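Please read them alongside the model.

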Amino acid sequence: MSLRDLLICVVIIGSLPTCFRRPYIGLLMFTLLAYMRLQDLSWGFARYQRWSYYVAIVTIAGFVCAAGPKRFMLNDARCWIMIALISLVGISLVTSHTSASYDTSIYIEFCKIIGVALFTTGLVKNRDSLRILVWVIALSLGFFGFKGGIQWILSGGGMQIIEGPGGMLSDNNDFALAMCMALPLLFHLGLAEKRLILRRTLIAMVPLTMLTIMATHSRGAFLSMGMVVMVLIWRSQNRLAGISIGILVVLAGVIAMPQSYKDRLATIKSYESEGSARGRLDAWAVAGNMIQQNPLLGVGFENFQRNYQQYDPKRTIDGRTGSGTRVTHNSYLQIWAECGTPVFLLFMSLIVLTLVDLWSIRKEAKRRYYSSWILSYTTMFEASLVAFCTGAMFLNRANFDLFYHLVAIVVVFGRVAREAMREEGPRSELDAGRGTLRVIESRTFGRKQRRSGFERRDVVSGPALGRF
């Protein structure tokens, strides 16, 4: 037993009593294990233990035994959509002709993912708990971004990440996608943080995480990263400054980019002849055939590869195919071909409803404030979701843990943000009848400020943006 194994065991086992007494702490520990993969940082017996399972059991037991009301966000359509996904995906699996124990285990994992998301809506009840959860996710993923970026620099740009730390991050493409989704979290939490050490640490993680993404040589992640930068620039208060900084970042990236990565990205332009890209187009054609012939229930959850040859348009007359089998390399086609049109529409509605919710919150917040933690959170959640939507075009990750967790977090954020705006009352404005100026108290800075109603958007509402 190494010292690192012993330390991980002490930390996790020592947290179990607290996880039982305070299930929210159990959720944080589960999140840490899921995204930081503490167990994969060891080399002995601790690496192979089911720590997440133990934490989940203790946390659920503590939640059930805890006194007081247990409120889930079941009044939100997205929670019911996730429940419906569990049911319909299960039906598609049962009705498929190739069901096996492997399929069942994958389906159970999918149910766990949805369960964690729903559980989050019941445990995260206020802004403080929401903020801490976002910090845990950002720092967990930022740890690997920081570590990978430093290793890339020390290697002179020659390092290539061929696999992630484990779990949902085991594949290098999945790992790169998670890093892209973490970028806006690190960026906005860093900008809002008031403590200098934390602020500099988070801001430093951003470029290092971008280097880590480059080290994976994932072309889909490169496009996702580009979309994240575009969203952050578009949502910045000073777009001209944002565009200028963005250009500088791009120039720095081009200079730092190794030639091998440039060659990899250059294949995007020759997708029709490049082997990997050509294979993805073939897989998408097979998915299209599956959808046409099985529009209602699909071919069964996780059964795309097993049915590939049957629906391959390039197969020969005797039923053989020269192209082998492939995964879909597209989350939207994956869930559509495997689970049917109803599941596909539910999956898309999760994305659309989440984006619409963020835009609605942002619209109301911009009417009230010039800057606010609410506006900051809407931007970072929107950019993170856009990163997933872009990466999902090239990866078959319709069951990606972080996506469903992000949807649940936005559900909670919507409730917390709207409650905060209701508690603050209607926005301050110029009393047109008497022409008097109202005194506005800004709790962010703890002092009263006299402002014109025409300047109401300059008021920063709520506690300090990045206070942890």
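What volume does the largest cavity have?

1. The largest cavity has a volume of about 70 Å³. Here a cavity is a set of points on a 1 Å grid over the protein atoms alone where a 1.4 Å probe fits but cannot get out; points are joined across faces, edges and corners, and the volume is the space filled by probe spheres set on them. By this rule there are two cavities of 30 Å³ or more.

2. On provenance: this is a predicted model, in which local features need pLDDT of at least 70 and side-chain atom pairs count only at pLDDT 80 or more, while totals for chains, interfaces and linings use all residues. Residues are numbered from 1 along each chain as its sequence is written, and side-chain values use heavy atoms, with hydrogens and water left out.

3. The lining of the largest cavity (residues with an atom within 4 Å of a point) consists of Val134, Ile137, Met181, Ala182, Leu185, Phe381, Ser384, Leu402, Leu406 and Ile409. Helices α6, α7, α16 (373-391) and α17 (401-423) each supply at least two of the lining residues; helices are DSSP runs of H or I, at least four residues, numbered from the N terminus. By class the lining has nine nonpolar, one polar and no charged residues. Ala, Val, Leu, Ile, Met, Phe, Trp, Tyr, Cys and Pro count as nonpolar, Asp, Glu, Lys and Arg as charged, and the others, Gly among them, as polar.

4. The axes of α6 (residues 127-154) and α7 (residues 172-192) come within 9 Å and cross at roughly 120°. Axes are lines fitted to C-alpha atoms over the stretch in contact, and angles run from 0 to 180 degrees between N-to-C directions. The two helices are therefore oblique to each other; angles under 35 degrees count as roughly parallel, over 145 as roughly antiparallel, 65 to 115 as roughly perpendicular and the rest as oblique. Residues in contact (heavy atoms within 4.5 Å) include Val134, Ile137 and Leu141 in α6 and Ala182 and Leu185 in α7. This contact of α6 with α7 has 13 nonpolar, two polar and no charged residues.

5. α16 and α17 have axes that come within 11 Å and cross at roughly 160°. That makes α16 roughly antiparallel to α17. Among the residues making the contact are Phe381 and Ser384 of α16, and Leu406 and Ile409 of α17. The contact of α16 with α17 divides into 15 nonpolar, two polar and no charged residues.

6. Elsewhere, α1 (residues 3-21) and α3 (residues 51-65) pack at about 15°, with their axes 8 Å apart, and are therefore roughly parallel. Their contact includes Ile8, Ile12 and Leu16 in α1, and Tyr54, Val58 and Gly62 in α3. By class, the contact of α1 with α3 has 13 nonpolar, two polar and no charged residues.

Methods: On a 1 Å grid over the protein atoms alone, a cavity is a set of points where a 1.4 Å probe fits but cannot get out, and a pocket is an open set with protein on both sides within 12 Å along at least five of seven lines; lining residues have an atom within 4 Å of a point.
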